[in-house]
Amino acid sequence: MKIKVLLPAALLALLVGAFAAANFGDSVFARSPQKSMMVDGVRYAAPSPNEAPASIRAAVMLGYNIMNDPQKYVSQYVGDSVTCSSCHFNGGISPGGKNGGLSLVGVAAKYPAYRSRSGQVDDIIARTNACFLRSMNGKALPPDSKEMVAIVTYFHWISKGIPIYGRIPWLGLKHIESRHKPNAVAGKKVFTQTCVACHGMDGQGTKIAPPLWGKYSFNDGAGMAHLQNFAAFVHDNMPYQVSNLTPDQALDVAAYVTAQPRPHFVK
Ligand code: HEC
Ligand code: HEC
């Protein structure tokens, strides 16, 4: 079923030049998601949103749609022009790793969890709202809103079969281990040579890729605004579907981009 939908999209993407036609929010469809595989000794087998049982399918689909287009479904809670899927590729339905973006498969089995940032135990709603406040430079969704319930239902569905508090190796950023001192001057070169084509000369985004700084980017309180996090994400995922930067290049470009202006997070 899924293949039928994915193949024409992939062909289309090839025909018109991998990215030229697709809005960056659609670009996830050019990739065929891995259905089942072993990751570091743990079985990864995320179900598709449309396979959800009838009783929760509408909520799961709304949750998935919000991840891919929050500007459409929860516009009043979003202050920038990235989507959840800009970082959590394909709504987080991914085994992570190289070119997978930040997975969210199993995330419902990971929370409630202690977070050093808030110094308290956060549940999945609080953790989701942290990304609304910071990564989306927006506002917290009311916990009992239809939309938050949809997102949480979606997270539970894509966490199907994952044992609560089990080890989930594909979650989270894999930090770069290097003694290299990040150099923003070298990073500017990396940016000009490898990022500009999609993210634009001034990092403000284009039709094919979201912004990296400026008014419409994630704010300075976001996880992605931290040099080490940015470097880890870029090393595994950028340039898009190629991800061939060396660890040092990723650290350098992270030093350059995280030093650029972006909205300020107000607590
Ligand atoms: C600019 C990039 C970015 C965007 C956009 C973004 N996130 Fe995140 N998100 C992150 C980072 C970075 C983390 C922390 C990953 C880690 O723990 O290593 C994270 C973590 C999470 C987690 C917890 C995952 C875990 O493993 O503990 C959830 C849930 C989440 N995000 C939901 C969302 C939702 C919902 C949206 C859209 C409303 C969103 N995120 C948008 C970057 C982003
Ligand atoms: C071939 C086009 C392309 C190139 C080149 C590219 N990106 Fe991206 N980038 C994307 C797309 C597309 C997304 C969103 C992915 C999605 O929605 O599935 C993205 C997302 C991102 C994100 C997370 C969302 C955001 O905007 O904050 C970061 C950070 C990022 N890219 C950094 C970089 C850096 C740094 C480089 C250069 C080393 C780079 N990218 C090169 C296409 C590209």
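1. Helix 6 is the largest contributor to the shell around ligand 1, giving four residues. Helix 4, helix 5 and helix 6 each supply at least two residues of that shell. Helices here are DSSP runs of H or I of at least four residues, strands are runs of E of at least two, and both are numbered from the N terminus.

2. This is a predicted model, in which local features need pLDDT of at least 70 and side-chain atom pairs count only at pLDDT 80 or more, while totals for chains, interfaces and linings use all residues. Residues are numbered from 1 along each chain as its sequence is written, and chains are lettered from A and ligands numbered from 1 in the order in which they are written.

3. The shell around ligand 1 holds 25 residues, of which C84, C87, C131, S135 and G223 come nearest. A residue is near a molecule if its C-beta atom, placed from the backbone, lies within 6 Å of it. By class the shell has 16 nonpolar, seven polar and two charged residues. Ala, Val, Leu, Ile, Met, Phe, Trp, Tyr, Cys and Pro count as nonpolar, Asp, Glu, Lys and Arg as charged, and the others, Gly among them, as polar. Ligand 1 lies between domain 1 (24-157) and domain 2 (184-258), because both give residues to its shell; the domain bounds come from an automatic or database domain assignment.

4. Ligand 2 is surrounded by 30 residues, with C195, C198, P210, P239 and Y240 the closest. Two or more residues each come from helix 4 (84-87), helix 8 (184-194), helix 9 (196-199), helix 10 (227-237) and helix 11 (247-258). The shell around ligand 2 has 25 nonpolar, five polar and no charged residues. Domain 1 and domain 2 each provide at least three residues of this shell.

5. Helix 6 (residues 124-133) has I124, I125, T128, N129, F132 and L133 buried, where buried means that 20 or more other C-beta atoms lie within 10 Å of the residue's own, exposed means 12 or fewer, and partly exposed is in between, with C-beta atoms placed from the backbone. Those buried residues pack against helix 5 (107-110) and helix 7 (146-157). Contact requires C-beta atoms, placed from the backbone, within 7 Å.

6. How many of the 12 residues of helix 11 are buried? The count is 11, so helix 11 is largely enclosed by the rest of the structure. Its buried residues, D248 and D252 among them, pack against helix 8 and helix 10.

7. H175 is in the loop between helix 7 and helix 8. H175 counts as exposed because it has 11 C-beta neighbours inside 10 Å. Beyond its neighbours within four places in sequence, H175 contacts Q228 and A232.

8. The largest nonpolar core has 34 residues, and V105, I151, Y154, F155 and I158 touch the most other members. Helix 7 gives the most to this core, with seven residues. A nonpolar core is a set of buried Ala, Val, Leu, Ile, Met, Phe, Trp, Tyr and Cys residues joined through C-beta atoms within 7 Å. Leaving out residues up to four places away in sequence, V105 touches Y44, A46, G92, I93, I158, S159 and W170. A second, separate core of 27 residues includes L102, W213, A231 and V234.

9. For the whole protein, there are 11 helices and four strands. Of its 267 residues, 41% count as buried.

Notes:
Contact = placed C-beta atoms within 7 Å.
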